[in-house]
There are 2 protein chains.
Amino acid sequence: MLKFSIHKKLDGTMARAGEIETKNGVIKTPAFVVVGTKATVKSMTAEQIRSLNAQVVLANTYHLYLQPGADIVDQAGGFGKFMDWHGPTMTDSGGFQAFSLGAAFGNSVSKVATSDVGVSDISAVSGQLAKVTDEGVMFKSHLDGSKHLFTPESSMEAQWKLGADMIFAFDECTSPTAPYEYQKKSLARTYDWAKRSLARHNELDQNKEQSLFAVIQGGRFQDLREEAARSLGALAQDSDGFDGFGIGGSFTKDDIGTAVGWVNALLPEDKPRHLLGIGEPLDLFNAVEAGCDLFDCIAPTRMARHGSLHTADGRLNIKNSRFTTDFTPIEASCQCYTCLHHTRAYLAHLFRADEMTAATLASIHNLHFILRLVEKIRESILDDTFHTYKKEFLARYHPPKTS
Amino acid sequence: MLKFSIHKKLDGTMARAGEIETKNGVIKTPAFVVVGTKATVKSMTAEQIRSLNAQVVLANTYHLYLQPGADIVDQAGGFGKFMDWHGPTMTDSGGFQAFSLGAAFGNSVSKVATSDVGVSDISAVSGQLAKVTDEGVMFKSHLDGSKHLFTPESSMEAQWKLGADMIFAFDECTSPTAPYEYQKKSLARTYDWAKRSLARHNELDQNKEQSLFAVIQGGRFQDLREEAARSLGALAQDSDGFDGFGIGGSFTKDDIGTAVGWVNALLPEDKPRHLLGIGEPLDLFNAVEAGCDLFDCIAPTRMARHGSLHTADGRLNIKNSRFTTDFTPIEASCQCYTCLHHTRAYLAHLFRADEMTAATLASIHNLHFILRLVEKIRESILDDTFHTYKKEFLARYHPPKTS
């Protein structure tokens, strides 16, 4: 079971810097969690992940449950050992993907629901076959169409086999635009599922090898978010309770700090808080300021595979023709492997030539950028320069538009 | 210019172990040359190539000439620097690809010609638009259909810009099944092109930075192969002559030692001999025994991307279902990164999940296997155990079929 300690709180904000101790190592928080969906960070080796000083890797339960199956990962000694990552690990609950991939076969169901949908059968939204009941979520595999049922209990069983240090309770991830009545009903279900998840987790994990995070939902409704924080927060008070919290759902850039702040103001202070699926610089600053400790996101590597590269001056698209004769690194000051060894012209060539190494080199750079950013945010909390750092960073990264 | 020294000749064979000294480092021969077609070894970083103790990388002139263009590679400081490979480098002449890719858009023209074809216009063979004249080869780009002319002079100019340590004279790569009359005529043209290549090379390379290899063709006709070896060999006698030899064309497993032996028996002994496009274990043993020093081949990495992995007991197809629960390395005794860190089950998962890292890990293993094999062949020449090593290796790799 994890141990969380807070080293510094930033006055006038909810930001904090601390450490999570797991049996596989220490995570200095705030921390960015690298996503290795199918027990591999796309286009990268485990050695390359280590060389980035990544602290923790998250795999997706939905994907590994379907392929190669939780039993094979269990036989391998858990997904970390399976992929040769020996540091701290996480798995998500499988809920989000069961809705988005299982339901809509690639459509992001939770983000496209229209505001007049108020039913518990997601097929009304997607026209597909994921079905939510109080029992769980019935979905079709995006790989072969086979039918599966995820319940709080089966999610805990799958995550037990996948063997991560930190796991998540099974939750219903609603659309942020779903109406109040549906969100309220869904939230009651997620609360019930959280308790069922906790009960099954405690049965399975007698030696407390895994730490279980409850997931706070509630859409964009302050009273629902606060109710979820209070009710699930109350389940973290004793030693058999939750060890941390995930904050789920979708947000806009404008309200992320506000919505996350509602939740963190009420959650127990002594448990880590993981904001699920967020990885853009502006969002990271705002969420840290609002009290979050952990973040995971596929954006750095997905963007990289499409040639979109982070720099201090914002993103650049390496496929732009002006880079074909630019013999400077992506960023002159960057210390990542890619910038130390290669030019923009070389990357531009690899992308044009459709070479796999393009994805590898771009992913190394983008992950390095985001990992270093969150490290620097942590340092800025510790030395009380957070506000200055945030202001200066964002002024360059998102410069004011000139007309 | 290279310096070649022979340290040991194996009695009763033409095998020899030596060293090629280039301005970018020493190559211990026999050596396997890693192919980085478009200035990248597919799915691998330069660091990964270095970690395999690869000695020399070959890029393809045809590919780099079309994309990103020889001028950009020139501005980058040559293809080695462009790709961050700082050891010895080679480029081929562009001839083979102009025929096979430029002519037939993916068909391997030089290997499909029928025996009744005796014309100098390859369009009669392929129905495509590569046209061979005494001037050179007119071909259409496989990328965009644009028309290009390769001549001995333009090949030297492109290779000068690509900047490799060792380059090849422009040659016509005929089909191994082309009839005698066509081969004879083609050989005269290749001889003429070799002289033109040499002349243009000496104009461009006043400081002798590059070493030029002539290419021996002649199909499977002993008299033609011998004539080519004699006539081109004679052009290597003075300091402005050829610095080494390539042996081109296709062979069968049965005749490779014989056909290569005809040539090497007549070539000057003091120049390195590169057998083009060969990389299977049996062929490597036979060609070394017949006096070859260098080999390049895309087979190890192409096979790897398709899941076909070298082991001492022959190839295995990692996509076979029996490997999905096999938690042992590809080879227990192998010291490559992949075998030290991963199981067959993990690789089987990555291939099934269509993850790019599958190609990377499999390529590392196959290249390590072939590089180590050629290193061991070299050692076996030095310590007079070549025949035993060859026999033992092949008995395991190609075990006798049991009925």
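At roughly what angle do the axes of helix H11 of chain B and helix H12 of chain B cross? They cross at roughly 30° and come within 8 Å, in a predicted model where local features need pLDDT of at least 70, side-chain atom pairs count only at pLDDT 80 or more, and totals for chains, interfaces and linings use all residues. Residues are numbered from 1 along each chain as its sequence is written, while chains are lettered from A and ligands numbered from 1 in the order in which they are written.

**Two helices of chain B**
- H11(B) spans residues 256-264 and H12(B) residues 281-289; helices here are DSSP runs (H or I, at least four residues), numbered from the N terminus.
- Axes are lines fitted to C-alpha atoms over the stretch in contact, with angles from 0 to 180 degrees between N-to-C directions.
- The two helices are therefore roughly parallel to each other (angles under 35 degrees).
- B:Ile256, B:Gly257 and B:Val260 of H11(B) meet B:Asp283, B:Asn286, B:Ala287 and B:Glu289 of H12(B); contact requires C-beta atoms, placed from the backbone, within 7 Å.

**How the copies are related**
- Chain A is superposed on chain B by a rotation of 180° with 0.0 Å of shift along its axis, at an RMSD of 0.0 Å (least squares on C-alpha atoms of residues with pLDDT of at least 70 in both).
- The two copies are thus related as by a two-fold rotation axis.
- In chain A, A:Met356 has the C-alpha nearest the axis, 3.6 Å from it.

**Confidence**
- Chain A has a mean pLDDT of 91 (the predictor's confidence in each residue, from 0 to 100).
- Over residues 104-127 of chain A the pLDDT is below 50.
- Where pLDDT is low, the predicted coordinates should not be read in detail.

Key: Angles under 35 degrees count as roughly parallel, over 145 as roughly antiparallel, 65 to 115 as roughly perpendicular and the rest as oblique. Two residues are in contact if their C-beta atoms, placed from the backbone, lie within 7 Å.
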